[in-house]
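Work through the following exercises with the sequence and the model side by side.

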Amino acid sequence: MKPFSLLIKAVGGACNLKCSYCFYREHDLGAMSAATLRHVLDTYCSLPFDGKSITFQGGEPLMPQGAALLEIADEYPVAKGLQTNATLMTDAIAERLARGGWLVGASLDGPRHLNRLRGESFDAAVSGIRILEKHGVDYNLLTVVSKANVGHPAEVYRYLRDNFSTRFHQYIECTGPRDIITGEEWGNFLTGLFDEWVKADTHKVSIRLFDSIISQIVFGYPTQCSFASTCQQYLVVEHDGSVYPCDFNVCKELRLGNILTESYAELTAKPTYKSFVNAKRDFLTDKCKKCPYLAFCYGDCPRNKHSLCVGWERFFAHSLPQLQSLADEAMQSI
């Protein structure tokens, strides 16, 4: 069986915030039971591959029902991650995360005036991140690039770099349901971000997108799932045990079944899963197949429906020569 990770939606779409651009806010609310989580992890840990990892996501997984499950997850020999808005972080939770070796992704879209689509959450989020830092929790910052901040790449980057201890950043594009950016805006943001980063931070700050491209050059494979040729890097397990192939595709048509009644092998053997995994190859247009950057983005994430292609083209044309130089430097050190 090909290795995969699990995204566990311990509380479904339940969240204490109502970010206007959230693609998951309309999903079912619910609380995963302790028995369901144990079954999910028992069956996952029994699979015959190494490098197992899980990530708690939401909604907001630190809602009380989700936070109560962290202790159970700590019992299992898997790499553990948590994606959170950080507003519900407490000393007790941070202590547990530190002891359990959790990697935490904290969501923040830049300084206060550029974080407005996340409601009045800025102060609470920053306070939560300070608690993570206080307890030495490994964390990164996740920034959604939306209509609110897309015009300010250098300002966003400098704020995150200069005000927080982490040196790991992730920037993801907003493609719905609200505050959607255009391909042109995405290209301008990425080139502005790259130009600010490349000045002096190439060995100081890790930006996931740039790392993925360098990995593609050095090792022949990306670390970002949207750049892969197939979609089989992870499975989503909803609070009731329902399993889906991608968190952007938690819908009736792509429900694979339920882990409480079927095995991972049975779920991934279904025609629905196999079609989803390989659909990206059929998704490529004639233009994609002729594009000089196909090897790096492989048509982008299907959810974007090629809407960002002009932005990717601009970014790759602008940045690839310097990324190639960084890759060459990395190869010399291997």
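A salt bridge is taken here as a side-chain nitrogen of Lys or Arg within 4 Å of a carboxyl oxygen of Asp or Glu. The model is predicted, so local features need pLDDT of at least 70 and side-chain atom pairs count only at pLDDT 80 or more, while totals for chains, interfaces and linings use all residues. Residues are numbered from 1 along each chain as its sequence is written, and side-chain values use heavy atoms, with hydrogens and water left out.

**Exercise 1. Describe the salt bridge between R130 and E133, and state how far apart the two residues are in helix α5.**

Step 1: The side chains of R130 and E133 meet with a distance of 3.0 Å from N to O.
Step 2: Helices are DSSP runs of H or I with at least four residues, strands are runs of E with at least two, and both are numbered from the N terminus. Because R130 and E133 are 3 residues apart in helix α5, about one helical turn separates them.
Step 3: For accessibility, buried means under 20% relative accessible area, exposed means over 50%, and partly exposed lies in between (1.4 Å probe, protein chains only). R130, at 35%, counts as partly exposed, and E133, at 23%, is partly exposed as well.

**Exercise 2. Which parts of the chain does the pair of E75 and R38 tie together?**

Step 1: The side chains of E75 and R38 form a salt bridge of 2.8 Å, N to O.
Step 2: E75 lies in the loop between α3 (70-73) and β3 (79-84), whereas R38 belongs to helix α1 (residues 34-45), so the pair ties together parts that are 37 residues apart in sequence.
Step 3: E75 has a relative accessible area of 49% and is partly exposed; R38 is partly exposed too, with 31%.

**Exercise 3. At what angle do helix α7 and helix α13 pack?**

Step 1: Two packed helices are described by the angle between their axes and the distance between the axes. Axes are lines fitted to C-alpha atoms, for helices over the stretch in contact, and angles run from 0 to 180 degrees between N-to-C directions.
Step 2: Helix α7 (residues 183-200) and helix α13 (residues 309-333) pack at an angle of about 20°, and their axes are 6 Å apart. That makes α7 roughly parallel to α13, a label for angles under 35 degrees, with over 145 counting as roughly antiparallel, 65 to 115 as roughly perpendicular and the rest as oblique.

**Exercise 4. Where does Q224 lie, and is Q224 buried or exposed?**

Step 1: Q224 sits in the loop between α8 (208-219) and β8 (234-237).
Step 2: With 14% relative accessibility, Q224 counts as buried.
Step 3: Leaving aside neighbours within four places in sequence, Q224 is in contact (heavy atoms within 4.5 Å) with R208, L209 and S212.
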